Amino acid sequence: MDQFSSYPVLTVLTFWPLAAALLLAFVKTDSAVRVVTLIASLIELLLAIPLVGFKAQSGFQFLESIPWAAWGLSYTMGVDGISILMIWLSILTLPMCVLCSWTYIGRRIKEFHVCLLLMTTACVGVFSALDLVLFYVFWEALLIPMYLMIAIWGGDQRRYASIKFFLYTLAGSTLLLVAIVALRIVSGTFSIPELMQANFSFKFQYWIFLAFFIAFAIKVPMFPFHTWLPAAHVQAPSAGSVILAAVLLKMGTYGFLRFSLPICPAASASFAPMMIAISIASILYGGAVALGQKDIKKLIAYSSVAHMGFVTLGIFLFTQEGINGAIFQMLNHGIITGALFMLIGAVYERSHSREIENNLGLGKYLPAFMFFWGLFGLASFGFPGTNGFVGEFIIIMAAFKVSNVVGFLTIPGALLSAAYILKVTLKMAWGQPASPQGKSWLDLKKKEWAYLIVPAALVVYLGLAPSGLLGLIGPSVKDTADDFAARRNLVNVIEVTSVKGEPEGKIYEEDLLLTSSKTPVASEEVN
């Protein structure tokens, strides 16, 4: 049951970072900019306390709805079990990005922190919006600050990486806009909850699904739309890589869950073999390419392609267990990979290199650093007792329940994950250093402990006690899976009228490519 909120917590969480970005215009010194942004990020965490009251039940909670403009536009915000974890992840990422950039960023400090705050506004808005146009506004709002972060504060190839990121994302966004306009013309509404319950013809679903698929597959990214990601990760500053891995990639899988399955159930079912095949290709390709990398950051970037392949696989199994595992793994990947990118930034500040061969034998000089790297590395390949194991295990078990072939094809991906993580970890911990310069490096500083201890605690806690969060998202996941199962064969309700315009009944159009029997649902109508 949907629940409206008297306190607009989602609006406050969305626009407080924007207000803080405007406040930075009046801050003069670089050190003050860092402090003000950190304080603003901690205030954002405090403002999110009401979300602790989120209940494990169906429907949207903390709803806000205000008429916005003509054509049925409304400012509607809400959260359910599919989006609540992503909002928390977006909010938790901000202070960690501020801390890991404290000394990493040395120029245009104010502009950099403005970009961080603007991206947080966009991320929270994407996962809260319940109006298609509002969703699209936030979706696009993330593009510019991320482009600037790569183009201005990135590495030597930043121009190439930023333009490639911009063009890929813009292409997907254009198709997403086409799908939004088409949905408005056919359904007469921009309301996401209403569209989730509408029934459309298979032909219409087919084209809408394809538009959604390209837009979201680029964002995930899925093979073969992934080529922008390694370049963007390698060239982006640490904070940019953290936001990319922790939040931006999840917008694609969130789109599949929020739009593709409920709005295009028949088309989703028809395209499922393709989606499963591409997901497995992403898992195997990402793992294989990661194994051959010499740049630590590029290795973790390709590992994201593989890990997100597990997420999309779980979604398109269409089972409650698979979707549960997918959402849990979205959270896990954000925590683990975000932390690994922060560690890569920390070692780069010391060695000024991301090459594995230039960062050997760190266990001797930086034991605390290697402790955290080892913990997050184990979690990355799904070591039992860590959060990475839980999500990946649930998805693999769900795959075996759907098809033994699909289940067996995921196993090499898990083995490749262990291979490339153990390869780089063993070399970094016990490899023979190329030079004795590591003796002069300082181990983790206080601020580095501060931004690593929280994800480390989450890795252990969620690995040992995942039932709380799984129970929290369970009702929404069950609704999604049950609704999909009920509507995957029923695609439209057509009102039949006589020559005189008098109603004569309804025809339930079914997907003719499927062989299941007709199941009329008289309550579902599309004018």
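**View 1. Gly385 lies in the loop between helix H16 (367-380) and helix H17 (387-402).** Helices are DSSP runs of H or I with at least four residues, and strands are runs of E with at least two, numbered from the N terminus. The model is predicted: local features need pLDDT of at least 70, side-chain atom pairs count only at pLDDT 80 or more, and totals for chains, interfaces and linings use all residues. Residues are numbered from 1 along each chain as its sequence is written, and side-chain values use heavy atoms, with hydrogens and water left out. Gly385 has a relative accessible area of 30% and is therefore partly exposed (buried is under 20%, exposed over 50%, partly exposed in between; 1.4 Å probe, protein chains only).

**View 2. Surroundings of Gly385 and Val460.** These two residues are 75 positions apart along the chain, and their C-alpha atoms are separated by 6.8 Å. Leaving aside residues up to four places away in sequence, Gly385 touches Val459, Val460, Gly463 and Leu464 (contact: heavy atoms within 4.5 Å).

**View 3. Domain 1 (2-487) and domain 2 (490-526) of the protein chain.** The bounds come from an automatic or database domain assignment. A distance of 40 Å separates the C-alpha centres of domain 1 and domain 2.

**View 4. The protein chain with its 20 helices and four strands.** Its C-alpha atoms fill a box of roughly 90 × 55 × 40 Å along the principal axes. Of the 527 residues, 60% are buried. Among contacts in the protein chain with a separation of 6 or more, 79% join residues 24 or more positions apart.
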